[in-house]
Amino acid sequence: MTFVVTEACVRCKYTDCVSVCPVECFHEGPEFLVIDPAACIDCGVCVPECPAEAIFAEEDLPADQVEFVAINARLANEWPLITAARDPLPDADEWANVKDKKHYLFESA
C-alpha cells in the first residue's frame with residue numbers, strides 16, 4: 001500500500017504534506033504534487049496535513065480517484081523532488097473545493 005495524491009490537489013498545491021514527510025517522496029509539477037510509490041513508507045503523516053484533503057491510502061481511494069495511483073507513479077518519475085514546503089498556488093483557496101479539475105493537470109503536465 002502507498003499513499004496517493006488525488007484530484008483535490010490540482011490547482012491548489014499546498015505543500016504542508018511535504019514538510020512532514022520523513023522520506024521525501026513528494027514530487028512537484030506546475031499544478032499538482034504526487035507521491036512516489038516506491039519511496040513512500042506508508043506512514044500516513046501527510047494525510048492530516050493536507051488542507052484540501054487530497055491524500056488517501058491507496059486502499060481507501062474513492063472509486064473516481066483510482067486512476068491517480070498510476071498518475072502519481074508516472075509523474076513521480078517525470079517531476080522533480082520537492083523537499084521543503086513552499087507557498088501554495090496564489091488562488092489555491094479558490095480551487096480547494098472545486099470538483100472535476102483533473103483536466104487542468106493534463107493541460108500543464
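Guide: Buried here means under 20% relative accessible area, exposed means over 50%, and partly exposed covers the range in between. The model is a predicted one. Arginine 11, at 22% relative accessibility, therefore counts as partly exposed. Its side chain meets that of glutamate 31 in a salt bridge, with an N to O distance of 3.4 Å. This pair links distant parts of the chain, 20 residues apart: arginine 11 sits in the loop between β1 (3-5) and α1 (16-20), and glutamate 31 in the loop between β2 (26-28) and β3 (33-35). Glutamate 31 has a relative accessibility of 17% and so counts as buried.

A second salt bridge joins the side chains of glutamate 28 and arginine 86, at 2.1 Å from N to O. Here too distant parts of the chain are linked, 58 residues apart, since glutamate 28 belongs to strand β2 while arginine 86 lies in the loop between α2 (68-76) and α3 (92-95). Glutamate 28 is buried because its relative accessible area is 16%, whereas arginine 86, at 46% relative accessibility, is partly exposed. Both residues also belong to a network of salt bridges that includes Lys13.

A further salt bridge connects the side chains of arginine 74 and glutamate 78, with 3.6 Å between N and O. Arginine 74 has a relative accessibility of 37% and thus counts as partly exposed. The count of salt bridges comes to five, among them the pairs arginine 11 with glutamate 31, glutamate 28 with arginine 86, and arginine 74 with glutamate 78.

Definitions and conventions: Residues numbered from 1 in each chain as written. Predicted model: local features only at pLDDT ≥ 70, side-chain atom pairs only at ≥ 80, totals over all residues. Heavy atoms only, no water. Salt bridge = Lys/Arg side-chain N within 4 Å of Asp/Glu carboxyl O. Helix = DSSP H or I, 4+ residues; strand = E, 2+ residues; numbered from the N terminus. Buried < 20%, exposed > 50% of the residue type's maximum accessible area, 1.4 Å probe, protein only.
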